[in-house]
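The sequence and the structure are shown below.

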Amino acid sequence: MTAQASKKQPVQEPERSAGGVPFLPASADASDELMSTLRHFHLGEPGAKSTLGNVSSEFLPVSLNSFRDVSKVRYDYPLCLFPAGSSGNVLAKPLSRFLGDAVEGFAPATENARILKDNLAWIERELCSKLQGQETPIDAAPLVADAAKALQKQLDLKGEHVERLQGDLDQLVAAVEAGSQFLGYGRLVSVYLLLHVARCKSAPRRAAFDQEVSQLAASMRGLLAVEKSKTTASRKSTALKQSIGASNSFFNATAMSKMLSHSQGSASMPAARRKRIESALEVLEAYQSDSVLLRAVHADKLGETLLAEAADFESVSNADPCSVAAATFDAEAEKLAKVFAALRVARLENSDAYKPAIHDAWFKNFGWEGFSKEELLLVPTVVAIDNANNIAGAGLPSFSQLLSSGRPVQILVRVQAHSNPAAAEGEDSFARFRVELGYLGISHRQAVVAQSSAARYDHLLKQYGLALDATRTGLHLVTTGVKSSEGGSLDPWFVASAALEGRAHPFFLINPDAGDDFASRMDFSSNPQAEHDWPNHNYSYTDADGSSVTSELSFTFADYALLIPSLKNHFAVVPEGNSADDLVPVAKWLALPEDQAQHSVPFIWAVDGKDVMQRLVISRALIIACRDRRNYWRTLQELAGVRSRYVDLAMQKASDEAQAAAAAELDAIREEQAEELERVRAETAGEALGRLADALVGLDLSAAVPAATPVAAAAPAEEAVEEAAAEPEAAPEPEEEEVSFDDPWIETILCTSCNDCINLNPLMFVYDDNKQAYIADAAAGTFAQLVESAEFCPAKCIHPGKPLNEDEPDLDDLIKRAEAYN
């Protein structure tokens with residue numbers, strides 16, 4: 001926990017109310033005896049906890065302390081559910097946003113409906129109070145009308161203000177679309193939202209289909225009528241009288257029959273075709289639209305309780321929902337197969353495109369596998385509703401079979417994010433590694449798999465909509481949260497939200513229609529801080545000196561587990577005022593090497609009912625569960641491409657190869673420079689010797705002394721050499737430019753275009769055509785800038801060399817710093 005203190009406040013212990021700014025008492029080093037007790041608790045010794053403080057339901061993770069009183073917090077629920085075909089195609093909105101948008105719709109100006117706008121929050125609270133504890137959807141219009149009356153009574157205005165407010169309230173009530181409903185946050189909210197999406201999607205499709213059935217039936221009747229008109233019987237007086245209808249008394253049918261020609265004007269329809277049309281017409285005329293839009297199979301009594309009054313919902317209870325749901329879909333599809341076949345035949349016959357050689361075989365065994373996407377979407381939605389424990393146990397075989405079948409059946413699994421669905425009854429949730437049903441669903445590659453939460457209604461509605469449009473088997477793993485204690489110290493919505501934050505229930509969506517690779521088919525975007533192991537959040541507290549401190553803390557699976565009443569036995573309170581270096585926060589403990597972790601005890605920060613911050617040591621079973629959840633999180637990260645070891649290794653390999661290539665190129669350049677330097681030296685030495693030889697060859701040796709006097713004879717030779725040396729020398733050749741490795745330079749090929757050096761001095765450093773840096777003018781900057789750019793460079797490709805200006809300050813230190821990069 002890193003902290004930064006602000007200015008000190010007077011030291012005092014004010015009255016505290018739960019949910020305020022936490023207070024952290026002063027602490028001292030814990031005794032060896034206490035640390036021994038904490039270690040024994042962590043390692044699972046049953047008797048150790050008896051000497052430590054109990055963790056009551058009042059304890060909350062630090063970051064959730066301010067949400068104790070839900071009446072003071074606004075969140076997404078209640079929702080306003082809009083009917084199918086409503087304006088804007090919006091399925092739902094939070095109540096607060098619905099009210100705000102409704103008022104803005106008829107009073108967009110700031111000063112319009114001023115009284116109503118000032119009291120809109122009151123109406124919202126009034127509606128929330130009416131919906132408290134209500135788990136089923138309720139018609140919105142009557143509730144808004146009642147809230148409007150209550151506001152008039154509450155304000156007790158006089159004169160023109162009453163009429164002005166009433167006019168605005170009437171417009172607010174009128175803005176509620178017929179069929180709109182309010183839905184509070186309850187245990188079946190995920191089922192109601194699925195039913196709502198099915199209604200909004202199925203109702204318009206069903207209406208369009210019914211209309212097409214009527215139109216094609218009329219077309220088939222028309223074809224048969226034309227064929228009938230070709231017969232002699234159609235020209236008899238009785239048939240003519242019937243064809244005229246109600247006004248036949250004004251006509252002499254017998255005389256008309258005698259006037260008409262009784263010869264056939266065209267060829268008759270083949271008998272086989274007439275039989276096809278008659279059969280198709282019979283099916284289309286017998287078709288009756290089904291009022292049920294969603295059929296559910298569930299393992300409990302949902303249909304007999306809260307969902308019993310839903311008019312377009314039908315349910316059955318069965319211990320094996322997945323197998324019964326598959327059979328239910330087959331039965332619905334078989335009934336509609338006859339209608340769809342008749343409709344297809346009618347379309348073909350209407351355009352005279354039916355080819356017996358092609359179509360007879362197709363329609364003989366026409367089943368749901370041959371349905372078009374549009375036809376599959378017309379089959380009533382079938383949902384298997386079950387809990388995770390049953391799915392991971394006895395229901396696993398039928399669950400897997402349904403996911404592999406390709407039937408567009410939805411499987412809605414209610415998940416408790418803290419528990420292991422494969423645990424035996426009465427077994428501790430952390431006794432074994434957790435079975436991840438989402439990962440199991442992903443292995444069934446052709447199914448839509450979504451993990452979401454009713455706490456994020458927009459994410460849940462999106463995944464429902466995608467699955468219902470996909471014509472594939474859909475798996476929905478949904479958590480709604482649980483009461484954090486018997487007293488309900490935290491609302492279930494916040495518990496479900498904490499499951500998302502603590503990586504207990506990550507969000508993801510697998511859509512096979514999007515592509516064959518995970519980069520295309522996996523949506524991982526709704527997770528908070530998805531690139532990190534755990535989300536990090538700032539919070540404030542008051543320390544023992546009265547200073548206000550802001551700190552950052554990770555929210556881990558252990559923090560989420562504190563909200564679950566059945567897991568309280570995995571926590572123990574460290575007595576107030578005790579701390580130790582071996583007490584390590586969970587996120588940090590998980591990052592320790594194994595040998596260091598064995599000597600440390602993990603804890604989380606929590607706040608009690610008096611707003612006092614306390615350390616809670618956690619059990620070894622819980623820290624193993626934290627590591628297991630982090631492991632699954634990293635697996636999902638890798639599938640989503642957020643953080644992949646394969647990518648890291650590939651990047652490291654590419655970097656190593658680039659550095660090796662650059663080093664090889666540098667060695668080649670150095671070798672080439674050395675060879676060139678040696679060549680220049682050799683040429684220079686040769687030229688010097690040549691000039692010396694030329695000087696010696698040009699000497700006059702005719703005046704040589706007799707051989708008898710060798711010593712004296714040497715004198716003229718020496719003088720000749722001196723004279724040759726005294727002769728004017730030829731013009732000196734230009735000196736070769738000195739090659740020095742002390743000059744600053746950049747291994748341009750390694751440059752990553754990070755802009756650090758360019759931003760530091762754009763005159764000294766510039767980019768080439770490949771946007772890779774080189775030194776344009778070393779004199780345009782200082783040696784200090786060269787050293788600083790080398791230190792900042794992520795590719796370590798800048799080499800400062802030695803200073804050009806010997807008068808630059810602090811050169812000793814700069815040269816020492818530069819050594820690492822030269």
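## Basis of the description

Helices in this report are DSSP runs of H or I with at least four residues, strands are DSSP runs of E with at least two, and both are numbered from the N terminus. The model is a predicted one, and the residues are numbered from 1 along the chain as its sequence is written.

## The eight-stranded sheet

An open sheet is formed by 8 strands, whose order is β9-β8-β10-β11-β13-β12-β14-β15 and whose pairing is mixed. The edges are held by β9 and β15 (522-523), and because each of these has a single partner strand, one side of each is left without a neighbour in the sheet. At the β15 end, the strand pairs with β14 (residues 508-510) in the antiparallel sense over 2 bridges, and within this pairing I510 has M522 of β15 as its bridge partner.

Residue A296 takes part in both pairings: it stands opposite S315 in β9, while in β10 its bridge partner is V383.

## Backbone geometry in the loops

Most residues other than glycine have a negative phi, and most peptide bonds are trans. Against this background, the peptide bond that joins Y77 and P78 is cis, with omega at about 0°; P78 itself belongs to the loop between β3 (60-61) and β4 (79-81).

Two aspartates show a positive phi. D156, although it is not a glycine, has a phi of about 50°, and it lies in the loop between α5 (140-155) and α6 (160-174). In D611, likewise a residue other than glycine, phi is near 65°, and this residue is found in the loop between β21 (601-607) and β22 (613-618). Which of the terms buried, exposed or partly exposed applies to each of them? D156 counts as partly exposed because its relative accessibility is 49%, whereas D611 is buried, with a relative accessible area of 1%.

## Two further loop positions

T51 is placed in the loop between α1 (32-42) and β3, and with a relative accessibility of 58% it counts as exposed. Its C-alpha atom is separated by 7.9 Å from that of T37, a residue 14 positions away along the chain.

Q134, found in the loop between α4 (120-131) and β6 (138-139), counts as partly exposed at 29% relative accessibility. The C-alpha atoms of Q134 and Y185 are separated by 8.2 Å, with the two residues 51 apart along the chain.

One of its members, E671, has its place in helix α24, which covers residues 645-697.

Note on methods
This is a predicted model: local features need pLDDT of at least 70, side-chain atom pairs count only at pLDDT 80 or more; totals for chains, interfaces and linings use all residues. Side-chain values use heavy atoms; hydrogens and water are left out. Two strands pair if DSSP finds at least two bridges between them. Buried means under 20% relative accessible area, exposed over 50%, partly exposed in between (1.4 Å probe, protein chains only).
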